[in-house]
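Subject: Structure handover

Hello,

Here is the structure I said I would pass on. Please open it beside this email, and read the notes below with it.

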Amino acid sequence: MNTKAPLFAMRRSFAAMALAVAAALPAQAGEPEAETGTTNVNELVMVEQAGCEWCKRWNEEIGPIYGKTREGAFAPLRRVDLRALPDDLKVTRRVNFTPTFLIVKDGHEMARLEGYPGEDFFWPVIAQLLSQHLAFVPDGTDQPDS
């Protein structure tokens, strides 16, 4: 009996659900740029907590390579603790799950991915969210092979 088939189907369902939720969230207008040449700061904020098994899995599968990808160059990773969200981070609603990945522009949450659906689904979901909310242009060449 193939024990990985139900797990794969569950991961695929979760990823599809995450895409649907992320796509349904309204894009929020960021703060307008000042005419003095202020640069937009894009970030991928990972909200995590000690003991989170899915955070650990993300750290093993994605963490070492995220900063080397186009996504990582476009939206550098910033890690924050669930119990100590920084004051400069403006979220649209309370973060309840870890990991939660926030797409952030100038300190304001634009979109989020709650949970870690596995590396096969993480890359396309994050690329889609970055594209929809921060004008990221993915080309697919820097995503790791699975």
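Where is the place of Leu-129? Leu-129 sits in helix α5; helices (H or I, at least four residues) and strands (E, at least two) are DSSP runs, numbered from the N terminus.

First, how to read the rest. This is a predicted model, in which local features need pLDDT of at least 70 and side-chain atom pairs count only at pLDDT 80 or more, while totals for chains, interfaces and linings use all residues. Residues are numbered from 1 along each chain as its sequence is written, and side-chain values use heavy atoms, with hydrogens and water left out.

Confidence

pLDDT is the predictor's confidence in each residue, from 0 to 100. The protein has a mean pLDDT of 79, with 68% of its residues at 70 or more. Over residues 10–38 pLDDT stays under 50. Where pLDDT is low, the predicted coordinates should not be read in detail.

The cores

Leu-129 is buried, at 1% relative accessibility. Buried means under 20% relative accessible area, exposed over 50%, and partly exposed in between (1.4 Å probe, protein chains only). Leu-129 and Met-110 are 19 residues apart in sequence, and their C-alpha atoms are 8.9 Å apart.

A nonpolar core is a set of buried Ala, Val, Leu, Ile, Met, Phe, Trp, Tyr and Cys residues joined through side-chain atoms within 4.5 Å. The largest one has 23 residues, and those that touch the most other members include Leu-44, Trp-58 and Ile-126. Two or more residues come from each of β1 (42–48), α2, β3 (100–105), β4 (108–114) and α5 (119–134). Helix α5 gives the most, with eight residues. Apart from neighbours within four places in sequence, Ile-126 is in contact (heavy atoms within 4.5 Å) with Leu-44, Phe-101, Ile-103 and Leu-113.

A second, separate core has eight residues, among them Val-45, Val-80, Val-95 and Val-104. Leu-89, in the loop between β2 (77–81) and β3, is buried at 7% relative accessibility. Leaving aside neighbours within four places in sequence, the contacts of Leu-89 include Val-45, Val-80 and Val-104. Leu-89 and Val-45 are 44 residues apart along the chain, with their C-alpha atoms separated by 9.2 Å.

Helix α2

Which residues of α2 (residues 53–61) are buried? They are Cys-55, Arg-57 and Trp-58. Seen down the axis of α2, these fall within an arc of 160 degrees (taken from the directions from the helix axis to the C-beta atoms), so they line one face of the helix. The face turned away from that side carries the exposed residues Glu-53 and Glu-60.

A salt bridge is a side-chain nitrogen of Lys or Arg within 4 Å of a carboxyl oxygen of Asp or Glu. The count is seven. One joins Glu-61 and Arg-57, whose closest N and O atoms are 2.9 Å apart; both residues lie in α2, four residues apart, about one turn of the helix.

Glu-114 pairs with Arg-93, with the closest N and O atoms 3.4 Å apart. That pair links distant parts of the chain, since Glu-114 is in strand β4 and Arg-93 is in the loop between β2 and β3, 21 residues apart. Glu-114 also forms a salt bridge with Arg-112, at 3.5 Å between the closest N and O atoms. Arg-112 is buried, at 3% relative accessibility. Shared partners join Arg-93, Glu-109, Arg-112 and Glu-114 into one network of salt bridges.

The count of disulfides (pairs of cysteine sulfur atoms within 2.5 Å) is zero.

Regards
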